[in-house]
Amino acid sequence: MSTRLLTHLRHVDLAVPDYAKQLDFYAGVWGLTRVSEDDGIAFLAAEGSPEQYVIRLRQADDKRLDLISYGAATPADVDTLAEHLLASGVQLITRPDTLPTPGGGYGFRFFDVDGRTVEVSSDVAVRAHRRIEERESVPVRLSHVVVNSPDIARTRRWYEQHLGFALSDTIGAPHTGDVMNFMRISSQHHSLGIAAGPHASIHHVSFELRGLDEFMRGTGRLLRSGARLAWGPGRHLAGDNTFSYFFDPHGNTVEYTTEMEELDEDTWHPHHYTFLDEEVSDQWGTANAMNEPLAKELHNDVDRGLFIAPPV
């Protein structure tokens, strides 16, 4: 799609069997704010974000990704995108209409090429939020989401063609081919990552902290809580952002990050990095090694909730 209609990442919705345990983690040690809860569904906000919520949790028999939500500037943009997707043969789940979720708004849902549910909305009411203070190590906002795909080239093309994403950088190696595409819809280096994996699933969800000190304080709090550290702390080369990855109670990977690179989109040219260069994964050299068993854990469980989209 030549015209970019998406503005930012709004929220990620997860379903889990042990709802109470998951809610305690995100509303407790992870530092999100519980804003609404009703009959096995909870909406959690980031204190520094105007979004009504950044994570929705739902009680379910199976662990799954319910949806990924993006913002659009106006209802007209929502309608234009829906018409484009329909004309391109993309399967819509709902047509543009008033949304029943907190903050309302106008939006619709559809399946991406891997069968994930994606939502696009505009005119969602702004939540009262605040400036995060020094040494306050709670998430400011949702930063980005990374998904696993068995064909990252196809998934990349789909997001470029239908949703106006642009490629910022790629990581790979001669013996593996490409293993990660970083995709953007603004000057932020990426709001979506597409990782190579054996099946479609969530790779990780990332939350931005105020600064380096808050990032380290948050990392320390998680470590002291007994939460399992997956990888970090360190600083990536692609995106130049810091990282500390942890596993939530259901084995989903969540990340604290800060200082994501802002690009000049008029002059930016994507890099192709090799992960054989240790500085690509971690410029600081402080993180634990990314080995094969850990990489497999980041592939997460097969997401049985995903619709099997037709080939394109």
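**Salt bridges**

Modeller: D13, R56, R58, R64 and D66 are linked in a network of salt bridges. A salt bridge is counted where a side-chain nitrogen of Lys or Arg lies within 4 Å of a carboxyl oxygen of Asp or Glu. The model is a predicted one, in which local features need pLDDT of at least 70 and side-chain atom pairs count only at pLDDT 80 or more, whereas totals for chains, interfaces and linings use all residues. Residues are numbered from 1 along each chain as its sequence is written, and side-chain values use heavy atoms, with hydrogens and water left out.

In total, the structure holds 25 salt bridges. R58 is partly exposed at 23% relative accessible area, while D66 is buried at 8%. Here, buried means under 20% relative accessible area, exposed over 50%, and partly exposed in between (1.4 Å probe, protein chains only).

Another salt bridge joins R141 to E208, with the closest N and O atoms 2.8 Å apart. This pair links distant parts of the chain, since R141 belongs to strand β9 (residues 141-149) and E208 to strand β13 (residues 201-208), 67 residues apart. Strands (E, at least two residues) and helices (H or I, at least four) are DSSP runs, numbered from the N terminus. R141 is partly exposed at 27%, and E208 is buried at 19%.

Finally, R156 and E160 meet in a salt bridge of 2.9 Å, N to O. Both lie in helix α3 (residues 152-163), four residues apart, about one turn of the helix. R156 is partly exposed at 28% relative accessibility, and E160 is partly exposed at 23%.
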